[in-house]
Amino acid sequence: MTSYQDDTDLESLKRSFILGLSDRILSIEEMLLNLEKSDSKEFIRESIRSLMLEVHSLKGSSSALHIHPIAVICHNLEDLLVPISNSPELSSPQKISLLFSVVDLITQYSDEYLSSQMPPNPQKYNKLVENLVEVETMQKNNNKLITEID
């Protein structure tokens, strides 16, 4: 059983972590912008590796602090990055846009966390990520159908 002091310390650590997220998010967004500008498969591969390391680190840190919505968002980001790391040609403006949208959820969560007395509802963020991934899957399926028809 944790004591009140332990809970207070954990909340203080969480708040410090959330306050530091903006720098990490800027780094991820910068990597995405560079990825978006490149046609080189090798550059894309290296950029994805760097992105995956940063996202994985962010996922681990947020998990350790019991900030599960950010960990879930990062897990989904990893899932979206893996296919591109295996096949750089899968990098597309639509995929990069989706990655930016998922990263934006981390910013939304941290803004909500810092501006309220209560932690944000984790189910809300889980659902938002699911919706983004679902839209991406639907777009992918529509593109397949269009290709098959042609």
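This is a predicted model: local features need pLDDT of at least 70, side-chain atom pairs count only at pLDDT 80 or more; totals for chains, interfaces and linings use all residues.
Biologist: How many helices and strands does the protein have?

Modeller: The protein has five helices and zero strands. Both are DSSP runs numbered from the N terminus, helices being H or I with at least four residues and strands E with at least two.

Biologist: How do you know that the length of helix α2 agrees with its number of residues?

Modeller: The expected span is 1.5 Å times one less than the number of residues. For the 24 residues of α2 (residues 41-64) that gives 34 Å, and the end C-alpha atoms are 34 Å apart, so the two agree. Just after α2, H66 takes a positive phi of about 65°.

Biologist: Why is S62 called buried?

Modeller: Buried means under 20% relative accessible area, exposed over 50%, and partly exposed in between, with a 1.4 Å probe and protein chains only. S62 has 0% relative accessibility, so S62 counts as buried. This residue belongs to helix α2, where the buried residues also include I44, L51 and L58.

Biologist: What is S62 in contact with, leaving aside its neighbours within four places in sequence?

Modeller: S62 is in contact with F17, I67, I70 and A71; contact means heavy atoms within 4.5 Å.

Biologist: What makes a group of residues a nonpolar core?

Modeller: Such a core is a set of buried Ala, Val, Leu, Ile, Met, Phe, Trp, Tyr and Cys residues joined through side-chain atoms within 4.5 Å. The largest one here has 34 residues, and I70 and I106 have the most contacts inside it. Helices α1 (4-37), α2, α3 (68-86), α4 (93-115) and α5 (122-149) each give two or more residues to this core, with α4 giving the most, ten residues. Not counting residues up to four places away in sequence, I106 touches L21, I25, L58, I70, I73, C74 and L77.

Biologist: Why is the pair of Y109 and Y113 called tilted?

Modeller: Rings of Phe, Tyr and Trp (its six-membered ring) pair if their centres lie within 6.5 Å; planes under 30 degrees apart count as stacked, over 60 as edge-to-face and the rest as tilted. The ring centres of Y109 and Y113 are 6.1 Å apart and the planes lie at 35°, so this pair is tilted. A search of the whole structure finds one aromatic pair. Y109 and Y113 are four residues apart in α4, about one helical turn, and both are buried.

Biologist: What makes K14 and E11 a salt bridge?

Modeller: A salt bridge needs a side-chain nitrogen of Lys or Arg within 4 Å of a carboxyl oxygen of Asp or Glu. K14 and E11 meet at 3.6 Å, N to O, and the structure holds seven salt bridges. K14, at 12% relative accessibility, counts as buried, whereas E11, at 37%, is partly exposed.

Biologist: Where do R49 and E46 lie?

Modeller: Both lie in helix α2, three residues apart, about one turn of the helix. R49 has a relative accessible area of 41%, so R49 is partly exposed.

Terms used. Residues are numbered from 1 along each chain as its sequence is written. Side-chain values use heavy atoms; hydrogens and water are left out.
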